[in-house]
Amino acid sequence: MRGLYIGRFQPFHDGHKAVAEYIAEEADELIVGIGSPQISHEPQHPFTAGERILMITRSLADLKIPCYVLPVTDVNRNAIWVSHVKSMVPKFDVVYSSNPQVIRLFEEAGIEVRSPPMYERGRISGTEVRERMTNGGNWEELVPKEAAEVILSIDGIRRLQQISQSDE
Ligand code: ATP
Ligand code: MG
C-alpha cells in the first residue's frame with residue numbers, strides 16, 4: 001500500500017516527522033507531496049521547494065519504508081485539485097491528512113483518507129516554528145535535527161527575520 005502525505009512543510013517539524021513514522025507502520029511506501037512549492041521568501045512561506053526537499057529527505061533518511069519527496073504545484077482550482085495531484089505523483093492508495101479541506105476533496109473523489117493522531121499540536125505547528133524563528137525563540141527544539149541543519153546552512157533565520165520587516 002502506498003500512502004500520500006501532503007503539506008506545505010514551512011518548515012518540516014517534529015509533528016510532521018511523527019506522522020511519517022506513523023504512516024511507515026502501515027504503508028509500504030510513502031509519497032510526501034510539497035504543496036505551494038513555487039512560493040518562498042514570504043513570512044508564511046519562507047523556504048523554497050528545494051530547501052524543503054532537503055529538510056524532509058534528510059529528516060526521513062532512517063524511515064523504514066521508501067519515501068519519495070516531490071513538489072505538487074498549485075492549480076488554484078480546488079474542484080480539479082485531486083486530479084492534478086494524481087497527475088504529479090506516483091499512484092497512491094491512501095491519503096493521510098487532518099486538513100478538513102484536503103479530506104473533503106479526496107473523499108469526494110472516492111479516495112480513502114486517514115487522519116493520523118496529532119502530535120503535540122498545541123506546541124508544534126509550522127506557524128509556531130516560524131513565530132519562534134522570527135522572534136528569536138527556541139525553534140530548534142520543534143524540528144528534526146537534520147531540518148535545523150538545512151535551515152541554518154541557508155541562513156534561513158535571518159532570511160525570515162529580514163522578509164518579515166516592513167519598509168515603513
Ligand atoms: P502551518 O501552521 O503553517 O499551517 P502546519 O504545522 O499545519 O503548518 P502543514 O504543512 O500545513 O503544517 O501541514 C501538513 C500536514 O501536517 C497537515 O495534514 C497537518 O494537519 C499536519 N500536521 C501539522 N502539525 C502536526 C502535528 N503537530 N501533528 C500531526 N500532524 C500535524
Ligand atoms: Mg497547516
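How much of the accessible surface of the protein belongs to carbon and sulfur atoms? The answer is 46%, out of an accessible surface of about 8800 Å². Keep in mind that this is a predicted model.

Overall dimensions next. The C-alpha atoms fill a box of roughly 50 × 35 × 30 Å along the principal axes. Buried residues account for 45% of the 168 in the protein.

Now the layout. There are seven helices and five strands. Reading from the N terminus, the order is β-α-β-α-β-α-β-α-β-α-α-α.

The five strands form an open sheet, ordered β3-β2-β1-β4-β5, and the pairing is parallel. Which strands stand at the edges? They are β3, residues 67–72, and β5, residues 112–114. Each has a single partner strand, so one side of each lacks a neighbour in the sheet. On average, neighbouring strands are turned by 25° against each other, direction ignored.

Look at one pair in detail. β1 covers residues 2–7 and pairs with β2 in the parallel sense, over six bridges. R2 has E29 in β2 as its bridge partner.

Two helices on this sheet deserve a mention. α1 lies across β1, β2 and β4, and runs at about 170° to β1. α4, residues 100–108, packs on the sheet too, where it touches β1, β4 and β5. The direction of α4 makes about 155° with that of β5.

Finally, the interior. In soluble globular proteins, nonpolar side chains tend to be buried together. Here, the largest nonpolar core has 32 residues. Which residues have the most contacts inside this core? L30, I56, M133 and W139. Several elements give two or more residues to the core. Among the helices are α1 (14–24), α2 (49–59) and α5 (126–135), together with α6 (145–153) and α7 (156–163). The strands are β2 (29–35) and β4 (94–96).

Zoom in on M133. Leaving out residues up to four places away in sequence, M133 touches P11, F47, W139, I151, I157, L160 and Q161.

There is also a second, separate core, with 16 residues. L4, I31, V82 and F92 are included in that second core.

That's the tour.

Note on methods:
Residues numbered from 1 in each chain as written. Chains lettered and ligands numbered in written order. Predicted model: local features only at pLDDT ≥ 70, side-chain atom pairs only at ≥ 80, totals over all residues. Heavy atoms only, no water. Core = buried A, V, L, I, M, F, W, Y, C linked by side-chain atoms within 4.5 Å. Buried < 20%, exposed > 50% of the residue type's maximum accessible area, 1.4 Å probe, protein only. Helix = DSSP H or I, 4+ residues; strand = E, 2+ residues; numbered from the N terminus. Contact = heavy atoms within 4.5 Å. Pairing = 2+ DSSP bridges. Axes fitted to C-alpha atoms, helices over the stretch in contact; angles between N-to-C directions. Areas by Shrake-Rupley, 256 points an atom, 1.4 Å probe, with all protein chains shown as cover.
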